[in-house]
Amino acid sequence: MNIVDLIIKKRDGFKLTKEEIEFFIKGVSDDSLPDYQISAMLMAMLLRGMDDEETSVLTLTMANSGDTFDLSPVKGIKVDKHSTGGVADTTTLVLAPLVASLGIPVVKMSGRGLGFSGGTLDKLESIPGFDISVSYDDAIKFANESNIVVMSQTANLTPADKKLYALRDVTGTVDSIPLIIGSIMSKKIAAGADAIVLDVKCGSGAFMQNIESARKLALGMQKIGESLGRRVIAVISSMDQPLGNYIGNSLEVIEAIEVLKGNVKGDLLEVVLTLGANMVVSAGKAETDEEARSMLLKNIENGEGLKKFRQFVLQQGGTDKIVDDYSILPISSVKKAIIAKESGYIWSMDTAEIGKASIATGAGRVQKTDPLDLGAGIAMKVRLGDYIEKGGLLAEVFAATEEKTEAAAKLIADAIVIKEEPNEPSKLILDIIK
């Protein structure tokens, strides 16, 4: 089999066979194919597309390109959640312990932040002592003892995806839906969960800018996941403003704790409850979403969710003293207020620009090797539709230097549009695909 022939075949719009896709992925995994030929194939796949059968084969082959995580020693139906990324998307920090508090095993491999999309691992590492590097044996032990483990991806999990992801990022082939599906679902299949709930973000702070593309991606991931033996539910949620009010690593840990304490309502809690209800039903712990939501809310009210969060943090080497004393967490020393220059209603937000402001504070990274300031970030003080007086507080910025706070403040001020008339915010939950 010749890779040049396969590139030409896909370039000309023909369907690749199972054997041809497997040959390509093997060449990616064992480094027998040079980057320029892999990149040429990626561009052909982007331009000519892939049908459901090709995408399914690609996903499974990528999932099997390295180690797979065997969760069969863990009792019960294992559930996982994946977000396509957004700004102030703190859901995992609330959702995982809350669902686990109902006796449902949540074994989650998370990633680091890149661009304006924050990473769960970075947020957890702002907790002093927290260890995200968990061995397979410890992961199984934790899952059986506490029903929760959130960890970094093992070194040899889906190595083909690591190589393809890096090349897609620098060759203009990121926005191929079959390749996105293959990347996301191969990791989820390899990670071993029985049921997966997807949070597909849609809007100004998301990769999918409109509901049509978000729905296409969600349907594609659901179909591929179910064809490979997983139960998959996709929730499409709005990212036309930051999901939570805090953006940044330690700041988002604080907000997660406040939600679990029952002190924070609003969009973040609503997305947690929507995703969580689907996880609970998928695990067979409730018959309906309404019943599942009631169970989740009860475990916020009675403190069981917060208790599970404490257990989770201690189990992975962190200190649970942060629950009672936020000063233990790193908070950057320089603070700047962003003031409204006019009175009116918060008409719109460019969420991606607010995310870029977070990067400017040091809370995010542009390159994977960029260092983070775990105490930097933004505290948003307004939501879409709010009325604000001239001189009112729009946001506060935290960073290590005046220069960084100034740069972030300008981005935030430019990203928020204030008008005399109110604008009806879009729905938060745009669709649920089951």
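I started with the buried residues of α4: Glu54, Thr55, Ser56, Val57, Leu58, Thr59, Thr61, Met62 and Ala63. I am working from a predicted model. That list makes nine of the twelve residues of α4, a mostly covered helix.

Next I asked what covers them. I found that the cover includes α1 (3-11), α2 (18-29), α8 (159-171), α9 (177-191) and α10 (211-227).

I then checked the length of α4. The helix runs over residues 52-63 and reaches 16 Å from its first C-alpha to its last. I compared this with the 16 Å expected at 1.5 Å a residue, and the span is close to that.

I looked at the N-terminal end of α4 for a cap. Asp51 provides one. I noted a side-chain oxygen of Asp51 at 3.1 Å from the backbone nitrogen of Glu53.

I moved on to aromatic rings. How many aromatic pairs does the structure hold? I count four. I took Phe69 and Tyr136, with ring centres 5.1 Å apart. Their planes stand at 85 degrees, so I logged the pair as edge-to-face. The cut-off for that class is over 60 degrees.

I placed both residues in the chain. Phe69 sits in the loop between α4 and β1 (79-83). Tyr136 belongs to helix α7 (residues 136-146). They are 67 residues apart, and I noted that the pair links distant parts of the chain.

Tyr136 is partly exposed, at 31%.

I turned to Phe309 and Phe312, another aromatic pair. I read 6.4 Å centre to centre and 70 degrees between the planes, again edge-to-face. Both residues lie in helix α14 (residues 304-315). Being three residues apart there, they are separated by about one helical turn. I recalled the general rule: an α-helix has 3.6 residues a turn, so residues three or four places apart point the same way.

Phe309 has a relative accessible area of 2% and is buried. Phe312 has 1% relative accessibility and counts as buried. Under 20% is the cut-off I used.

I followed the ring pairs onward. They link Phe130, Phe309 and Phe312 into a cluster.

Last, I looked at a charge over a ring. Lys419 lies over the face of Trp347. I noted 4.5 Å from the ring centre.

Definitions and conventions:
Residues numbered from 1 in each chain as written. Predicted model: local features only at pLDDT ≥ 70, side-chain atom pairs only at ≥ 80, totals over all residues. Heavy atoms only, no water. Helix = DSSP H or I, 4+ residues; strand = E, 2+ residues; numbered from the N terminus. Expected span 1.5 Å × (residues − 1). Buried < 20%, exposed > 50% of the residue type's maximum accessible area, 1.4 Å probe, protein only. Contact = heavy atoms within 4.5 Å. Polar contact = N/O pair within 3.5 Å; in protein donor to acceptor, adjacent residues only side chain to side chain. Phe/Tyr/Trp six-rings, centres within 6.5 Å; stacked < 30°, edge-to-face > 60°. Lys NZ or Arg CZ within 6 Å of the ring centre and 35° of its normal.
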